[in-house]
Amino acid sequence: MKRLVCLLLVILLLCPAPALAQKIEIDPETATVEQIQAAIDQLTALAAEKQKAEATPAETPAPTEAPAYQELKKGSKGETVKALQMRLFELKYLNVKGDGNFGDKTVQALKEFQKAVAFEPTGIATVEIQQKLFAADAPVAIIYGKLDYKALERDPAKHTGEKIRFTGRVIQVVEEAGADKMVSVALRIATKGNYDNVAYVTYVRKADDSRILEKDKVIVAGAYGGIYAYQSVGAGTVAIPQFTADSVTRN
């Protein structure tokens with residue numbers, strides 16, 4: 001009898017939660033052996049249930065949804081701008097890491113990306129353009145080399161397909177209307193204003209796009225396509241480097 005009373009007292013003292021002990025309504029001094037044994041069994045069961053509950057891990061809360069994209073433009077600041085700049089840097093449209101300030105370099109880099117995904121180059125990071133920018137299949141920027149006119153003339157096969165960017169002045173424009181309101185354009189351009197180093201450039205524009213005119217200073221970015229030969233009045237056959245332009249913009 002005394003042994004059971006002592007055991008009950010020890011369990012009550014060691015019980016992990018006082019609330020459990022309060023559920024055992026018994027006086028160890030007056031209780032019978034059967035009552036004390038029943039109390040011990042009840043207390044042991046309650047303690048086991050509590051230990052089991054504590055061992056069960058809490059449910060993992062659902063992840064917080066990422067905030068929706070917000071339009072960003074020149075003058076915008078903050079971590080969202082920095083993330084935009086870092087993505088442009090990763091894709092090689094921006095040559096410096098982000099500082100969180102949407103300035104002229106970010107505008108220009110974003111314009112280049114917009115051109116790459118066939119969007120109007122506004123320099124404004126709309127929600128739609130950010131979705132394309134952060135997509136897994138976003139296009140990496142094309143790296144254009146510098147024009148080495150003599151090398152292209154000398155070894156056309158070696159350099160065919162190379163991406164090159166150069167400047168020049170337009171000396172001739174030929175246009176031909178095509179289907180779906182598109183216009184095929186051919187330009188002869190004095191590269192760097194040098195009329196001894198003329199390039200032949202072709203591209204396609206929309207009928208309502210701004211036109212390139214003679215004497216315009218332009219920037220050409222495109223693929224070298226070998227040598228273009230044509231007949232010139234009084235000069236016979238003339239052979240010059242030709243390019244298929246990705247873009248032609250006024251400088």
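I started at Arg-205, which sits in strand E4 (residues 198-206). Strands here are DSSP runs of E with at least two residues, helices are runs of H or I with at least four residues, and both are numbered from the N terminus. The model is a predicted one, where local features need pLDDT of at least 70 and side-chain atom pairs count only at pLDDT 80 or more, while totals for chains, interfaces and linings use all residues. I count residues from 1 along each chain as its sequence is written, and side-chain values use heavy atoms, with hydrogens and water left out.

**Entry 1: Arg-205**

I looked up the accessibility of Arg-205 and found a relative accessible area of 6%, hence buried. Buried stands for under 20% relative accessible area, exposed for over 50%, and partly exposed for what lies in between (1.4 Å probe, protein chains only).

Which residues does Arg-205 touch, not counting those up to four places away in sequence? I listed Glu-175, Lys-181, Met-182, Val-183, Val-185, Ser-210 and Arg-211. A contact is defined by heavy atoms within 4.5 Å.

I noted a polar contact of 3.1 Å between the side chains of Arg-205 and Glu-175. A polar contact is a pair of N or O atoms within 3.5 Å; within protein, one must be able to donate a hydrogen and the other to accept it, and residues adjacent in sequence count only if both atoms are side-chain atoms.

I also checked Val-248, which is 43 residues from Arg-205 along the chain; their C-alpha atoms are 9.8 Å apart.

**Entry 2: salt bridges**

I found seven salt bridges in the structure. The criterion is a side-chain nitrogen of Lys or Arg within 4 Å of a carboxyl oxygen of Asp or Glu. Side chains of opposite charge can pair when their charged atoms come close.

Asp-104 and Lys-74 form a salt bridge at 2.6 Å, N to O. This pair links distant parts of the chain, 30 residues apart: Asp-104 is in helix H5 (residues 104-116), and Lys-74 is in the loop between helix H3 (33-55) and helix H4 (79-90). Asp-104 is exposed at 53% relative accessibility, and Lys-74 is exposed at 55%.

Glu-90 and Arg-87 form another, at 3.2 Å, N to O. They are separated by about one helical turn because they lie three residues apart in helix H4. Are the two partners buried or exposed? Glu-90 is partly exposed at 49%, whereas Arg-87 is buried at 14%.

Lys-115 and Glu-112 meet at 3.5 Å, N to O. Both are in helix H5, three residues apart, about one turn of the helix. I have Lys-115 as partly exposed at 36% and Glu-112 as partly exposed at 27%.

**Entry 3: surface patch**

I looked up a nonpolar surface patch made of Tyr-69, Val-127 and Phe-134, with about 230 Å² of accessible area together. Patch residues have over 30% relative accessible area and no salt bridge; like charges are joined within 9 Å, nonpolar side chains (Val, Leu, Ile, Met, Phe, Trp, Tyr) within 5 Å. Areas follow the Shrake-Rupley method with a 1.4 Å probe, and for residues only the protein chains shown count as cover. Tyr-69 lies in the loop between H3 and H4 and is partly exposed at 36%.

**Entry 4: whole chain**

I recorded eight helices and six strands in the protein chain. Buried residues are 32% of its 251 residues.
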